[in-house]
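Please look over the sequence and the model first.

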Amino acid sequence: MPIYSINSIIGTPLKTLYLKGKNLLFRIILNFVAAIMNESILLSKTGFDMEKIRADFPLLSRSVNGAALVYFDSGATAQKPQSVIDALDHYYKYQNANIHRGVHTLSQDATTAYEAARATIQKHINAAHAHEIIFTRGTTDSINLVASSFGKKFISKGDEIIVSAMEHHSNILPWQQLCEEKEAILKVIPINEAGELLMDEYKKLLSGKTKMVAITHISNTLGTINPINEIIKLAHAKNIPVLVDGAQAVAHTSVDVQAMDADFYVFSGHKLFGPTGVGILYGKEKWLNAMPTYQVGGGTIKTVTFEKTEYADLPLKFEAGTPHIEGGIGLAAAIDYVNAIGLKNIAAYEHELLLYVTAALEKIEGVKIIGTAKEKASVISFVVAGLHPFDVGTILDQLGIAVRTGHHCTQPLMNFYCVPGTIRVSLAFYNTKAEIDLFIKGLERAIKMLR
Ligand SMILES: Cc1ncc(COP(=O)(O)O)c(C=O)c1O
């Protein structure tokens, strides 16, 4: 049920006309009119039915410290729509059973729902095969899996792995540890003051020694949208695989892993309006087949004797133990919800919010925005001269405004900007300009109090 579909507004009369239309040209014209009207309704400022959207997220209506909650921390974790909560509720009330090995009806129902969720995720990121979708615990778990398994087989002494200066610790530490174990070398793509990758430096780093490029799609601290297609193309020209950390991207932009030609693409369910504790590793079949098992145990095998074990094919080879069944099902429900709104519409609306909050912040004396890349998602970090981010965040919380303060698991980036931390506003499509106004007022008040 597309929430903003033309159907809900003029769909029925158009459909009637369509059905009555006898010739093809008439039908084509009607389709064209519907598409244009749909687009303009969706993208116009009034077309984003905020009341309806916000009502879909029960938590947004609670108050915090006596004020209506303003939730600007979706980059850390996104709130959940009722449809996701319902999917979890439904699972526990009607489907709860362990999957894959049960002959009884309940187990088969749960298996069907879980595998349907895998197919939804496959379709959502346009993976070629459902078995290229591995369920994990989240982005961190997915990266650890690749670093460990790929590293075991393909990394040797003297090899190089490239990350960037804006990576989340989760996309640094697994590679750093691997390099320590294998005596390999971690190379870092530098950035400019705006928070953009220095692509010429990246090109220089790529060499015959490079065995992996692990790079974030969107920076969780700066909001920078990296030129991921170009990054992958340059690496592939030298036969180097690329892992893309999509933790911050999946909630803001559509992802087509085949079009971008990513070798690995990882993300977490909870940042995509789904449950915590579930995430995705997409990997090209050829890599996943070539990689050794990571964790092993129940679910990962074909046959076991004390002498030898034959391991399962993809995807089960990488899914040891009872998985987060309801998490996978809930993630698929979240994807259905997001797709009903449309990621193009979400990106357009969030861009409006980004421009609005940026302009407002720039007017406040002493505020410095950290991360001013040309291509940005709705993540805005800033510092206030003479004030500690933590103090500002604490006062904002007293006003019911949830922002994140600190290093955002990007300490090397904080060192680059010579700041102890930043205040980060990360917006989702359920946020509004009215909330931004409240936040700006709150920030001005906090600055007055602390100065
Ligand atoms: C860019 C990026 N990578 C990785 C992670 C780690 O995600 P998770 O904690 O869900 O594993 C985050 C979380 O904030 C992130 O923003």
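## Model and confidence

This is a predicted model, in which local features need pLDDT of at least 70, side-chain atom pairs count only at pLDDT 80 or more, and totals for chains, interfaces and linings use all residues. Residues are numbered from 1 along each chain as its sequence is written.

The predictor's confidence in each residue is given as pLDDT, from 0 to 100. Its mean over the protein chain is 92, and 90% of the residues reach 70 or more. Two stretches have pLDDT under 50: residues 1-22 and residues 30-46. Beyond four places in sequence, the model has 27 contacts for residues 1-22 and 19 contacts for residues 30-46. Residues are in contact if their C-beta atoms, placed from the backbone, lie within 7 Å. Where pLDDT is low, the predicted coordinates should not be read in detail.

## Surroundings of the ligand

The residues around the ligand are Gly138, Thr139, Thr140, His168, Ser170, Asn171, Thr216, Asn220, Asp245, Ala247, Gln248 and Ser268.

This shell has 10 polar residues, one nonpolar and one charged. In this division, Ala, Val, Leu, Ile, Met, Phe, Trp, Tyr, Cys and Pro count as nonpolar, Asp, Glu, Lys and Arg as charged, and the others, Gly among them, as polar.

Helices (H or I, at least four residues) and strands (E, at least two) are DSSP runs, numbered from the N terminus. Axes are lines fitted to C-alpha atoms, for helices over the stretch in contact, and angles run from 0 to 180 degrees between N-to-C directions. Angles under 35 degrees count as roughly parallel, over 145 as roughly antiparallel, 65 to 115 as roughly perpendicular and the rest as oblique. A crossing is left-handed if the near helix is turned anticlockwise from the far one by less than a right angle, and right-handed if clockwise.

The axes of H4 (residues 82-95) and H12 (residues 325-341) come within 8 Å and cross at roughly 150 degrees, so the two helices are roughly antiparallel. Their crossing is right-handed. H4 contributes Ser83, Val84, Ala87, Leu88, Tyr91 and Tyr92 to the contact, and H12 contributes Glu326, Ile329, Gly330, Ala333, Ala334 and Tyr337. Nine of these residues are nonpolar, two polar and one charged.

For H5 (residues 105-124) and H12, the axes come within 8 Å and cross at roughly 45 degrees, which means that H5 is oblique to H12. This crossing is left-handed. Residues that meet here include Ala110, Ala113 and Tyr114 in H5 and Ile325, Gly328 and Ile329 in H12. The contact divides into 11 nonpolar, three polar and two charged residues.

## Helices H14 and H16

H14 (residues 389-398) and H16 (residues 433-450) pack at an angle of about 125 degrees, with axes 9 Å apart; they are therefore oblique to each other. The crossing is right-handed. Asp391, Val392, Ile395 and Leu396 of H14 make the contact with Gly442, Leu443, Ala446, Met449 and Leu450 of H16. By class, seven are nonpolar, one polar and one charged.

## Two backbone details

Leu314 and Pro315 are joined by a cis peptide bond, with omega about 0 degrees. Pro315 lies in the loop between strand E12 (309-311) and H12.

Asp261, a residue other than glycine, has a positive phi, near 65 degrees. Asp261 is in the loop between helix H10 (257-260) and strand E9 (264-268).

Notes. Near = placed C-beta within 6 Å.
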